[in-house]
Amino acid sequence: SEMCIRDSYIPLLLGYRCGLRLGEAFGLSWDCIDFKKKTLTVNKQVQWDDKMQCWYFTAPKYDSFRTIEIDDELVAIFARLKDKQIKAKTYYAELYTELYESNKRAINAKEGTPIELVCIRENGTYIQPRTMQHTASIIHHKMNYPEFTFHSLRHTHATILAENDVPPKYVQERLGHKDIYTTLKFYQHLTKKISEKGTGIMSKIFATT
């Protein structure tokens, strides 16, 4: 279970701090992260193919290609992770697993275009989305949060933005929502924090002088 949580650490951060979907988090590659501009580009997701019995790349849901800002702490985490992976590759030498994208966009260790994925183990092997099922089981039973899903992190991210007065259009573009109505649900279901803020503003607007 400890290894499972370790493998899930980066995807969990991507869900919570960036609002990424499950497939987007596990499909992230290093060329999608700009350390100078502090941005992350979502240009693909991973899905499972039953016939090929492999994970493959496809466009993000609803073709929601986007580039989003990432916070300083996450940038630092990425920098440390990339440095660690570079050192591990040297350490494992010929035992290191190189990953490729085939002409059918399948992730494999044999042929195609080399790809550097963010979610890999120390020896270079791919950390696949099914890892999250084991992590969720631990969260459900050992941490007693039975309603948790990876998508919960995306919802939490959207709610945090809404609570902090981030404009709905920005949130829509950041999360890659299909339309603004999906985004507005997070503003319609007001949390206590938003409600109290609204009450305070109304009192100031209509206060008698």
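Modeller: Let's start with the second largest pocket, which has a volume of about 260 Å³. Everything here comes from a predicted model, where local features need pLDDT of at least 70, side-chain atom pairs count only at pLDDT 80 or more, and totals for chains, interfaces and linings use all residues. Numbering runs from 1 along each chain as its sequence is written, and side-chain values use heavy atoms, with hydrogens and water left out.

A word on terms. Rolling a probe the size of a water molecule over the atoms shows where empty space is left. On a 1 Å grid over the protein atoms alone, a pocket is an open set of points with protein on both sides within 12 Å along at least five of seven lines, a cavity is a set where a 1.4 Å probe fits but cannot get out, and lining residues have an atom within 4 Å of a point. Points are joined across faces, edges and corners, and a volume is the space filled by probe spheres set on them.

Back to our pocket. Its lining has 15 residues, and the ones nearest its centre are Gln 85, Lys 89, Tyr 96, Glu 116 and Ile 120. By class, the lining divides into eight nonpolar, three polar and four charged residues; Ala, Val, Leu, Ile, Met, Phe, Trp, Tyr, Cys and Pro count as nonpolar, Asp, Glu, Lys and Arg as charged, and the others, Gly among them, as polar. Helix H3 gives the most to this lining, with four residues. Helices (H or I, at least four residues) and strands (E, at least two) are DSSP runs, numbered from the N terminus.

Now zoom in on Gln 85, which sits in helix H3. Gln 85 counts as buried because its relative accessibility is 11%; buried means under 20% relative accessible area, exposed over 50%, and partly exposed in between, with a 1.4 Å probe and protein chains only. A polar atom of the Gln 85 side chain lies 3.0 Å from the backbone oxygen of Val 118. That is a polar contact: a pair of N or O atoms within 3.5 Å, where within protein one must be able to donate a hydrogen and the other to accept it, and residues adjacent in sequence count only if both atoms are side-chain atoms. Leaving aside neighbours within four places in sequence, Gln 85 touches Trp 30, Leu 117, Val 118 and Ile 120, where contact means heavy atoms within 4.5 Å.

Ile 120 turns up again in the largest pocket: Arg 6, Leu 81, Lys 84, Ile 120 and Glu 122 lie nearest the centre there, out of 18 lining residues. That pocket holds about 490 Å³ of space. Helix H1 (2–18) and helix H3 (72–92) each supply at least two of its lining residues. Eleven of the lining residues are nonpolar, one is polar and six are charged.

Asp 179 caps the N-terminal end of H7, with a side-chain oxygen 3.1 Å from the backbone nitrogen of Tyr 181.

Two loop residues are worth a click. Tyr 62 has a positive phi of about 60° although it is not a glycine, and it belongs to the loop between strand E4 (54–58) and strand E5 (66–69). Asp 165, also not a glycine, has a positive phi of about 65° and lies in the loop between H5 and H6.

Stepping back, the protein has eight helices and eight strands, and 41% of its 209 residues count as buried.
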